[in-house]
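Open the model in your viewer and keep the selection tool at hand. This tour goes stop by stop, saying what to pick and what is there.

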Amino acid sequence: MNAPECSFIIFGISGDLAARKLLPALYNLHRRGELNPQSRIVGFARRDWSDDDLRKEMKAALQKYTANFDEDAWNELAPRLSFVKGAYNDVESFMSLAQHLQELALPNYVFYTATPPGTYEGIARQLGAAKLNLAPGGWSRLVIEKPFGHDLKSAKELNEKVLEIFNESQIYRIDHYLAKETAQNLAALRFANALFEPIWRRDYVDHVMITMAEPMGVEGRGGFYEETGVLRDVFQNHLLQLVALVATEPPARFDAGSVRDEKVKVFRAMNCLKPEQTVIGQYTRNGELKGYREEEGVDPASRQGTFAAAVFKIDNWRWAGVPFFVRSGKRLKQKASEIVLHLKKPPHIPFELKQPLHADRLILRLVPNEGITVRFNAKSPGQNSDMQRVSLDFYYDRQFKRPNPDAYETLILDAMIGDATLFMRADEVEAQWRIVEPLLSSWESSKEEPAFYAAGSWGPHEADDLLARHGLRWHTPTNGDA
Ligand code: BG6
């Protein structure tokens, strides 16, 4: 769907997120004809840039971060970029912004906070003071990046402050995992097919495993990561959202209100994390790969978790007794985000088998090779009843023959269109903090060392022990060749 015309204002245009994700997303939307031709992009930052400086920087960013940079497409987009110099908590700067937006004379605004989390409240307040939260004759929306708050208390406070200025329907809280195609396709898989949903419950699902593994370390973000750690960086948001997408009840309609109502119900049915259900790990040097404590900006005695594994329970009729095992870490063996539903074994096996039968698995890959694999048992040919594990595979790129849009393209377009389904609501963010908060506070007040693991491995053995207590082993992601 084409987006209505708007001014798209990026606070923090000189930063990494704008260069790596936001500008490339806007540029790709423009190339696909999905950005309204009247829309304008306004960069806001403290730098002493002119419009031309902004264009020069953004062109360099696009050349670096987009595939097949196209000069003609850039030449169409470049004149639609402009720059406002300003500070994030300064009345005058926001008055200049308001003046600039008035000159552009577009009816609608999307404000995007690609800035450090400490600035979000000030930006909202200044937008209110400059009356930019109102758009007479149009609409005004505020997109807020993650992390939303540092804990439950600060998330509540931030919600309260921002809601004094914007209505909930104007606020778009980002979790880019929701916009990954496989994450979106989970709903389609479940609710547009009769094949999967009947088994999607405790009667057939034995347990669920979710892995989000990254080979990168903290990549120059040591200072940020010291404050954040794996629990705040990805557990409180991406991983809990994936659990909720797997566990949610079918919404009556697939709209923002109904989908988010159902996710909040899942979060309310989930256990708060306790230390005994969790492993917190940290990577150590392995050959050339530095240990976390050696990274720039990191305390050499830091206890910060770069890995966590946890067991979630969902106490409702559908999922009672089905554990959800979730793990994520930096400097793991490979890049892989996937969800695996391990089904129960059949109640009776009428064959005489040499090997024990494997249970069926449904593997949903988010990164890389987005797609779905169903693993099941088939009889191997010939005079025997031996079973072999075989796979039915669906790969997005093979099927649709074009790359999936980046999550940020989807999110920016949705914010322009006014569809908040893939964004988080105030109560949802707070419900997510409620789940991780007890673990965060017990970990931060303890002196316990993290479980160390060698950079480039699959994490600490304690994470394997956590599963061994349930008689299980982690499913090893195989990049889609499962
Ligand atoms: C971000 C985290 O939200 O997600 C990063 O802050 C992480 O630490 C990133 O690397 C992973 O996203 P993706 O899309 O590359 O899997």
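Angles under 35 degrees count as roughly parallel, over 145 as roughly antiparallel, 65 to 115 as roughly perpendicular and the rest as oblique. This is a predicted model: local features need pLDDT of at least 70, side-chain atom pairs count only at pLDDT 80 or more, and totals for chains, interfaces and linings use all residues. Residues are numbered from 1 along each chain as its sequence is written, and side-chain values use heavy atoms, with hydrogens and water left out.

**Stop 1: two helices side by side**

Select helix α7 (residues 181-191) and then helix α8 (residues 222-247). Helices (H or I, at least four residues) and strands (E, at least two) are DSSP runs, numbered from the N terminus. The axes of α7 and α8 lie 9 Å apart, at an angle of about 10°. Axes are lines fitted to C-alpha atoms, for helices over the stretch in contact, and angles run from 0 to 180 degrees between N-to-C directions. The two helices are therefore roughly parallel to each other. Now show side chains. From α7, Ala 183, Leu 186 and Arg 190 make the contact; from α8 come Leu 242, Leu 245, Val 246 and Ala 247. Contact means heavy atoms within 4.5 Å. By class, the α7 and α8 contact has six nonpolar residues, no polar and one charged. Here Ala, Val, Leu, Ile, Met, Phe, Trp, Tyr, Cys and Pro count as nonpolar, Asp, Glu, Lys and Arg as charged, and the others, Gly among them, as polar.

**Stop 2: a crossing**

**Stop 3: the nine-stranded sheet**

Which strands does α8 lie across? They are β7 (205-213), β8, β9, β10 (324-329), β11 and β12, and α8 runs at about 145° to β10. Select the whole open sheet: nine strands in the order β14-β13-β12-β11-β7-β10-β9-β8-β15, with mixed pairing. Two strands pair if DSSP finds at least two bridges between them. At the edges stand β14 (387-395) and β15 (451-454); each has a single partner strand, so one side of each is left without a neighbour in the sheet. From one strand to the next, the twist averages 20°.

Pick strand β8 (residues 278-284) and strand β9 (residues 307-312), an antiparallel pair with four bridges. Val 279 has Ala 309 in β9 as its bridge partner.

Move to strand β12 (residues 361-367). Six of its seven residues are buried, so β12 is largely enclosed by the rest of the structure. Buried means under 20% relative accessible area, exposed over 50%, partly exposed in between (1.4 Å probe, protein chains only). Strand β11 (residues 336-343) runs antiparallel to β12, joined by six bridges. Leu 341 stands opposite Leu 362 in β12. Strand β13 (residues 371-379) also runs antiparallel to β12, with five bridges. There, Ile 363 faces Thr 373 in β13. The hairpin of β12 and β13 has three residues between the strands, and Asn 369 takes a positive phi near 50°.

**Stop 4**

Zoom in on Val 230, in helix α8. Is Val 230 buried or exposed? At 2% relative accessibility, Val 230 counts as buried. Beyond its neighbours within four places in sequence, Val 230 is in contact with residues including Gly 305, Phe 307 and Ser 328.

**Stop 5: the six-stranded sheet**

Select the open sheet with the order β3-β2-β1-β4-β5-β6, where the pairing is parallel. β3 (81-85) and β6 (171-173) are at the edges, each with a single partner strand, so one side of each is left without a neighbour in the sheet. The twist averages 20° from one strand to the next. Helix α2 (residues 51-65) packs on this sheet, touching β2 (40-45) and β3, and its direction makes about 120° with that of β3.

Finish on β1. Five of its five residues are buried, so β1 is largely enclosed by the rest of the structure. Ser 7, Ile 9 and Phe 11 are on one side, with Phe 8 and Ile 10 on the other. Phe 8 has bridge partners Val 110 in β4 and Ile 41 in β2.
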